[in-house]
Structures are given as structure tokens and as C-alpha cells.
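Please read it beside the sequence and the structure.

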Amino acid sequence: MKFTPLILFSLLFATPSTFANSAHCGDEGIWIEILGAGSGELSDGQGPPSFLLWQDNVARLIIDTGSGSSVGFDRSGADINDIEAIALTQLHVDNSVDLPAYLAGALTADRSNNLTILGPDSNTPEFADTETFLQRLIGDQGAFPHLSGLLRASAPDGFRVKVANVPAVGSRKWARYRSPNIRLTAVPVQHANVPTIAWRVEIGGQVAVFAGDFNNDKNIIGTFAAGADALVASHAIPEASRGALREAFALPSELGKVAAAADARMLILAHRTNRTRGRESLSRAAIEKSYGGSVLFANDGECWGL
């Protein structure tokens, strides 16, 4: 794949802009802001996975809510009242723990329009489905019962949280969310025993796919992400990994094959861990054996234009 003018624009003008010196990504177009590029490790210097999708300087969608991402959201200059939906790829701590902070923040911002939360269903006792997860967090008997009004149809707090489980087993696509701005499609992926889904976002004539954590055993993402302007995937393990890690994550070489099969314009590598930091050149070499597009190693606070 050759570099297109749009990719070159992204590389030149969507250079890493950090929270400290930028209130937003760009005034026009579609941008992905990295609220968290790391994992759940407490020694990697990065926040767990979370992404913010902008359209013409309006924040529309949050993908995953890793710990500390609400602080990054605040620093980004985004307005929680503009967010249409929060889409979760899985309910691991490092992907979901800041969700109550966003809900509490929406209350203090006097939000009035309903907020949609979408996440995986579950068929395993180790993980709740998303609807149960919200009840355990903010239901009447949950950890934060003072937020329970958000789940009531009467919306006593000014807005209502609308929660939906998305199938995390099988191979059928889910496509039940569409607004004037965004169309969301999801598909189950394999991530060891963790119910996990990938998200395809169509917005402003662009496509961003958030593949998250997957082991690629079923070779689903290449087709699901076909024609994506940006494919965001986890760079959690190095090329030499074997055993249990391979049951949870795709190798860099496999990420390259997936991006090539999708003909994605750029591959953004997030969920970076201490296992892969310092090995970027090796990972890039493995990826570029099959993929000729842009390979970007994400860091907290960066913005990339589609």
C-alpha cells in the first residue's frame, strides 16, 4: 500500500499533541484522540485503553473507559454533553473502571439528553454482561446507588442511561445503533475466556475500527475492518510470545496480516505493555512483512486525523 495524501496529512499534521498543549485535535474532520494507550500495568507510564472520537471539533463517541481516562477527557476540552454513546469492547478492569466517573461527570454537567452505553453480553461466570455490570455499579443495590436514578425510565436526574448487551459469542454482526452522526457495528472476537467485541464506527464519511484485544484465531477482523481509514488494535505481546499470551492477543505479524486484509489506511497500535515497549522496531518489521500502510505506536494524549 502506498502512502496517500490523506495519510501523509495525518502524519504531518496529526503529530502527537499532548494534553498539556492542546485542548482538542483539529477543527475539521474526524480525529481519534488517545485517552489511554497502555494496559492495566502500574509501571508503564500510560493509561489503560480508552479512545475519543471527534467530528469537526465535537467529541461524539468514547470507546472503552480505562482508569484515568476521565481525567484525559477533561483535559482534552471535550464536552460530555456532546457524547452520544460509550462503547465498551470488554469489561476487564482496564477497559471499564472509569465508567462511573463519566456518569457522575455528566450529572455535574447538567446533561439532559440520554446516554447510550453498549458493551458485551456474557456466557461466563467470571464476567457480567453489560446490563448486569451497570446494575452492580449504579443500581439501587450497586456500588454507587446515588447514581441509580440514571437507570430509571422517569430520568429523575435529567437524563437516562440506556444500556444494551451486544453479542460476544459467535460471528454474527450487531448493527442496532445509528444516529444522524454515527453508525456502529460490532462483532465478537476471541480474547481467551473474556467476552470481547470489536467496534466499527462509520462517521463523517470515514471508518474507524477498534479491534481491541483479540487472538485472531477466527480471522474475523480482516473482513470486519474492510476499507477502514484507521484500524486500532492491541500491541500487547511481542512476536516471540507463546502459550497463554497467544490465547489472548494477536502477534505483531498477525496484526500486519489483518491490516493488509482490511486494506486499512493506517494501523494504530494501542494497549502497549511493558512486554512490547522497547521492541517497536521488531514489531514494525514483523508487521511490515505483509502490511504497507502507516504503522503508528500510540501514546496518551495523541490525536490522529482520518
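1. A residue is called buried when its relative accessible area is under 20%, exposed when over 50%, and partly exposed in between, with a 1.4 Å probe and protein chains only. The model is a predicted one, in which local features need pLDDT of at least 70 and side-chain atom pairs count only at pLDDT 80 or more, while totals for chains, interfaces and linings use all residues. Residues are numbered from 1 along each chain as its sequence is written, and side-chain values use heavy atoms, with hydrogens and water left out.

2. Aromatic pairs. Rings of Phe, Tyr and Trp (for Trp, the six-membered ring) form a pair if their centres lie within 6.5 Å; planes under 30 degrees apart are stacked, over 60 edge-to-face, and the rest tilted. The count by this rule is 3 aromatic pairs. Phenylalanine 51 and phenylalanine 210 form a tilted pair, because their ring centres are 5.5 Å apart and their planes stand at 45°. Helices (H or I, at least four residues) and strands (E, at least two) are taken as DSSP runs, numbered from the N terminus. Phenylalanine 51 belongs to strand β2 (residues 50–55) and phenylalanine 210 to strand β10 (residues 206–212), so that the pair links distant parts of the chain, 159 residues apart. Phenylalanine 51 is buried at 6% relative accessibility, and phenylalanine 210 is buried at 2%.

3. The tryptophan pair. The ring planes of tryptophan 174 and tryptophan 199 are at 90°, with centres 5.8 Å apart, so this pair is edge-to-face. Since tryptophan 174 is in strand β7 (residues 174–178) and tryptophan 199 in strand β9 (residues 196–203), the pair ties together parts 25 residues apart in sequence. Both tryptophan 174 and tryptophan 199 are buried.

4. Valine 166. This residue lies in strand β6 (residues 161–166) and is buried, with a relative accessible area of 0%. Contact here means heavy atoms within 4.5 Å. Neighbours within four places in sequence aside, valine 166 is in contact with Leu118, Gly119, Pro120, Asp121, Trp174, Ala186, Ile197 and Trp199. Both members of the edge-to-face pair, Trp174 and Trp199, are thus included in that list. From valine 166 to glycine 119 the C-alpha to C-alpha distance is 5.6 Å, across 47 residues of sequence.

5. Tryptophan 31. Strand β1 (residues 30–36) contains tryptophan 31, which is buried at a relative accessible area of 7%. Tryptophan 31 and glutamine 206 are 175 residues apart in sequence, yet 9.9 Å apart in space, C-alpha to C-alpha.

6. Packing of α4 and α5. Axes are lines fitted to C-alpha atoms, for helices over the stretch in contact, and angles run from 0 to 180 degrees between N-to-C directions. Helix α4 (residues 99–108) packs on helix α5 (residues 130–138) at about 65°, with the axes 11 Å apart. Angles under 35 degrees count as roughly parallel, over 145 as roughly antiparallel, 65 to 115 as roughly perpendicular and the rest as oblique; α4 and α5 are therefore roughly perpendicular. Leu99, Pro100 and Leu103 of α4 make the contact with Phe133, Leu134, Leu137 and Ile138 of α5. By class (Ala, Val, Leu, Ile, Met, Phe, Trp, Tyr, Cys and Pro nonpolar; Asp, Glu, Lys and Arg charged; the others, Gly among them, polar), the contact has 7 nonpolar, no polar and no charged residues.

7. Packing of α8 and α9. Helix α8 (residues 252–262) and α9 pack at about 40°, with their axes 7 Å apart, which makes α8 oblique to α9. Pro252, Ser253 and Gly256 in α8 meet Ser283, Ala286 and Ile287 in α9. This contact has 3 nonpolar, 3 polar and no charged residues.

8. Alanine 286. Helix α9 (residues 280–287) holds alanine 286, which is buried at 10% relative accessibility. Apart from neighbours within four places in sequence, alanine 286 is in contact with Glu239, Pro252 and Ser253.

9. Backbone points to inspect. Which value does phi take at aspartate 56? Phi of aspartate 56 is near 50°, positive in a residue other than glycine. Aspartate 56 is in the loop between β2 and β3 (58–63) and is partly exposed at 45% relative accessibility. Asparagine 216, also not a glycine, has a positive phi of about 65°. Asparagine 216 lies in the loop between β10 and α6 (221–224) and is buried at 16% relative accessibility.
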